[in-house]
There are 2 protein chains.
Amino acid sequence: MAKPVVPEEARRRRRPTRQGVVLSERLIVETALRMLREHGSAGLSARRLGAALGADPSTLYRYFDGMDALTLAIGEELIGRALDGWAVTGQWRHDLRELGLRIHGAYLSHPQAAVLTAGRVTGRPREIAADEAVLGILRTAGFPDPEAVLIYHAFIDQSLAFAALDAGALALTEPSRSSDEGQWESTYARLPADEYPHIAATRRLLAARMNHSAYPVALDMLLASAEARLQALRAG
Amino acid sequence: MAKPVVPEEARRRRRPTRQGVVLSERLIVETALRMLREHGSAGLSARRLGAALGADPSTLYRYFDGMDALTLAIGEELIGRALDGWAVTGQWRHDLRELGLRIHGAYLSHPQAAVLTAGRVTGRPREIAADEAVLGILRTAGFPDPEAVLIYHAFIDQSLAFAALDAGALALTEPSRSSDEGQWESTYARLPADEYPHIAATRRLLAARMNHSAYPVALDMLLASAEARLQALRAG
DNA sequence: AAGATAAGGTCAATGGTGTTGGCATAAGGA
DNA sequence: TCCTTATGCCAACACCATTGACCTTATCTT
């Protein structure tokens, strides 16, 4: 840690860059997101980001202490976007479903960024806010604390895990665009039917399915199971 | 792609390296795994791997066309280890549970490697074998094909997604070893109780829970939900 | 057994990366 | 208006993956 990073709110002397740009944490994160979208996850580097901002790469170290910290900031931004405009209705199952799909969607809308950040738990404000919201929904719904914590954990980790997985797949295939459906079809068709009878028997269904995310299905199964537990608790 | 890579089974002239080591795909992958375990995921580089093997880094390109291909080979090796010794008993729920935990476990036993490879679907032999097995279990259990495909997809992606997520967490905290339990405890304790009442109320439970993987819980919920569907199908 | 062929190991070089210490300059407080 | 120092810039370091040319020697052919 060579140079101390000044926290954003304490910045006073905003000196414009040689090319006239006035930097800020926000500007840097947004530019990084744009670069990730346009040039892929390998396309983000201190040098390129610096160039895009019209600033020397080393200047970034005045704002983040290392690329890793920048990555975390990007993750926080994505979580924030997922929560924007989300509101609790009081129907716990609906609310959780909505939140899950939003998180998943926010990450998938920036797959290249998601690849870098999902799985990195940041502990930053907006992430904590999401945790608090989920716990609140479950406890209000009537789950006893131990149960609520268990389900909260499964729910949030499953959402992030699928977001990362699906984003990874998207980030990989996006370059080779041509994939649509036909790719899986041919992948499965290539396998010898006698050696892989079950795959062969469901070839069509598989090809149609594998182009979508399994997250909505997994999410609904998790929520259904939670509801069953809740009813069992009420009954017994 | 400058130099064509000779497939392993077609290799004839195995010339020992200057330091006397006879290379092979297997040896390289195993050495890479060992290096990942010992020096972390950032510790694997062509140069270091070459050094560890007693060979010039460029030699690796005779075996894999790029570090990316090596990564895929490592992933295939991990899946293979998960399947080693696994056998179907005929009780579908037990079998799937076992397989899921094995996959998850195999990845977690090499977290640094898992970070690199999970999420990269390879389509290599052992991976396809796992897919066929899962589909077989579900269809034999009585799930109609569309249902079987849906659940197969959710199951396998859930396993891989959690493996990647948990491995990532493990790979990160391993360097700073000291994390055990106390870290989460203090993380939650630091939050103002009036702003985060639900977190505050369940602080203890959370601290105890967050050190474990949510996968077993999520897996059981998915399987429970699948069983409910199967019974509904049989009844109606 | 001798020679030809080319697989496979090595060398050197290219253009990329994150990161740092020192320096210069201008912003904002006095 | 002057001083302080935050902040941008420069040059350098050590690392990275990858490649093309070269050389050596294991294997095949005759």
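Visitor: Which residues are the closest to DNA strand C, and how many surround it?

Guide: In this predicted model, local features need pLDDT of at least 70, side-chain atom pairs count only at pLDDT 80 or more, and totals for chains, interfaces and linings use all residues. DNA strand C is surrounded by 28 residues, a residue being near a strand if one of its heavy atoms lies within 4 Å of it. The closest are Lys3(A), Tyr61(A), Arg13(B), Arg15(B) and Arg62(B). Of the atoms of DNA strand C that come within 4 Å of the protein, sugar and phosphate account for 50%.

Visitor: What makes the approach of Arg47(A) to a base nitrogen of DNA strand C a polar contact?

Guide: A polar contact is a pair of N or O atoms within 3.5 Å. A polar side-chain atom of Arg47(A) lies 2.8 Å from a base nitrogen of DNA strand C, so the pair qualifies. Side-chain values use heavy atoms, with hydrogens and water left out.

Visitor: Why is the space lined by Gly75(A) and Ile79(A), among others, called a cavity?

Guide: On a 1 Å grid over the protein atoms alone, a cavity is a set of points where a 1.4 Å probe fits but cannot get out, and lining residues have an atom within 4 Å of a point. The largest cavity has a volume of about 60 Å³, the volume being the space filled by probe spheres set on the points. Its lining also includes Tyr107(A), Glu127(A) and Leu160(A).

How values were computed: Residues are numbered from 1 along each chain as its sequence is written. Chains are lettered from A and ligands numbered from 1 in the order in which they are written. A polar contact is a pair of N or O atoms within 3.5 Å; within protein, one must be able to donate a hydrogen and the other to accept it, and residues adjacent in sequence count only if both atoms are side-chain atoms. On a 1 Å grid over the protein atoms alone, a cavity is a set of points where a 1.4 Å probe fits but cannot get out, and a pocket is an open set with protein on both sides within 12 Å along at least five of seven lines; lining residues have an atom within 4 Å of a point.
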